[in-house]
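Visitor: I have just opened this one and have never seen it before. Could you walk me through it?

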Amino acid sequence: MTESDTQQQQQQHIDMATSRDRLAGFAAGIASGATKLFVGHPFDTVKIRCQIEGGHGRFKGPLDCLVNTVRQEGPRALYKGASIPLVGWAVMDAVQLGSLSNYRLLLQGNNKSHKLSHLEHGLAGLGAGWTVALVATPVELIKMRLQMQYASGAARKYKGPFDVARHLTRTYGAFGIWHGLSATMAQRSFFFLLWGSYNVYTEWFRTLRLSPSFPYLAKAGTTGALEDRRLSEKLINFLAGGMAANTFWCFCYPVDVVKNRFMTQGDNNPIPFRKMFGHVLRTEGVKGFFRGFVPTFIRAFPTNASAIFVWESTVRLIKNETIH
């Protein structure tokens with residue numbers, strides 16, 4: 001084989017990214033964000049209220065928070081602050097997943113056929129986390145301030161999301177809606193684990209085959225008859241997405257608690273983000289870092305499994321890719 005033949009063969013294995021590949025992640029992220037809102041917002045409301053108020057004795061636990069919220073404020077209270085995430089989460093997932101796709105392409109050298117390592121998938125996730133923090137900070141800040149508003153009618157401090165935004169800009173200046181950006185970036189750094197572990201779980205599920213005693217699974221290569229009975233790619237996306245989300249929250253949760261405490265505290269003499277860790281430890285002990293963990297952990301699997309499944313499926317639809 002001549003050198004020119006070798007170069008031609010190598011060229012045939014290069015699958016260059018197109019503009020559709022670069023834009024597909026952004027468009028599919030909108031569908032992912034909408035899915036995440038409708039599935040996960042009630043869990044998020046319970047989580048935020050437990051994180052902020054749990055240490056003050058308002059709620060005995062997640063179930064007590066859920067029951068009292070519905071009993072005193074009605075079922076619609078579980079979707080308090082949802083108007084901002086309805087748009088915000090769609091934009092956030094568009095930015096997160098679109099930038100994730102493009103960071104992956106960057107690490108691939110714009111060659112889609114190049115396989116990334118687990119570390120590289122994690123680095124792409126880290127970059128996506130820092131990028132989306134610019135959008136996530138105002139969305140989460142406004143959402144949480146509305147979620148933490150227990151009064152109704154004229155007694156409410158904020159009339160709605162725009163009123164919160166006005167208050168923040170008056171208090172913290174023109175960039176007030178980005179109050180807590182550094183805290184959000186610290187929390188979003190754990191996207192390294194989210195997307196790194198997602199790749200680990202995805203590859204592991206691909207090694208499994210359905211066994212004759214379904215729904216149990218067997219490792220690939222046990223018998224020839226099992227080789228074609230693999231899990232569908234859509235099921236793999238769903239399961240790997242849910243497991244990756246649970247992995248993310250197991251490591252990220254204490255930082256998330258501190259971030260949310262920092263961003264929802266009073267505006268007079270606020271405690272700096274770095275000192276908030278010590279404040280939580282002194283006032284509530286280690287358990288203070290895990291308030292609201294149960295609803296978060298329960299919420300993480302169905303919410304993110306559904307969102308990632310929708311994202312992956314929509315990307316394939318946009319790219320006109322077929323899977324088996």
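Visitor: Before we start, what sort of model is it?

Guide: It is a predicted model, in which local features need pLDDT of at least 70 and side-chain atom pairs count only at pLDDT 80 or more, while totals for chains, interfaces and linings use all residues. Residues are numbered from 1 along each chain as its sequence is written, and side-chain values use heavy atoms, with hydrogens and water left out.

Visitor: OK, how many helices and strands does the protein have?

Guide: There are 11 helices and 2 strands, where helices (H or I, at least four residues) and strands (E, at least two) are DSSP runs numbered from the N terminus. Read from the N terminus, the order of elements is α-α-α-α-α-α-α-α-β-β-α-α-α.

Visitor: And what share of the residues is buried?

Guide: Of the protein's 324 residues, 49% count as buried; buried means under 20% relative accessible area, exposed over 50%, and partly exposed in between, with a 1.4 Å probe and protein chains only.

Visitor: Let's look at packing. At what angle do H2 and H9 cross?

Guide: The axes of H2 and helix H9 (residues 233-264) cross at roughly 70° and come within 10 Å, the axes being lines fitted to C-alpha atoms, for helices over the stretch in contact, with angles that run from 0 to 180 degrees between N-to-C directions. That makes H2 roughly perpendicular to H9, on a scale where angles under 35 degrees count as roughly parallel, over 145 as roughly antiparallel, 65 to 115 as roughly perpendicular and the rest as oblique.

Visitor: What about H5 and H6, at what angle do they pack?

Guide: H5 packs against helix H6 (residues 161-172) at an angle of about 110°, and their axes are 10 Å apart. That makes H5 roughly perpendicular to H6, and H5 passes H6 in a right-handed crossing.

Visitor: Changing topic, how many salt bridges are there?

Guide: The count comes to 9 salt bridges, each being a side-chain nitrogen of Lys or Arg within 4 Å of a carboxyl oxygen of Asp or Glu. One of them joins the side chains of Glu-73 and Arg-49, at 2.7 Å from N to O. Glu-73 lies in helix H3 (residues 62-73) and Arg-49 in helix H2, so the pair ties together parts that are 24 residues apart in sequence.

Visitor: Are those two buried or exposed?

Guide: Arg-49 is buried, with a relative accessible area of 0%, whereas Glu-73 counts as partly exposed at 27% relative accessibility.

Visitor: Which residues are linked in a network of salt bridges?

Guide: Glu-140, Arg-188 and Lys-259 are linked in such a network. Within it, Glu-140 forms a salt bridge with Arg-188, and their closest N and O atoms are 2.7 Å apart. Glu-140 lies in helix H5 (residues 118-147) and Arg-188 in helix H7 (residues 181-188), so this pair ties together parts that are 48 residues apart in sequence. Glu-140 is buried, with a relative accessible area of 11%, and Arg-188 is buried too, with 6%.

Key:
A crossing is left-handed if the near helix is turned anticlockwise from the far one by less than a right angle, and right-handed if clockwise.
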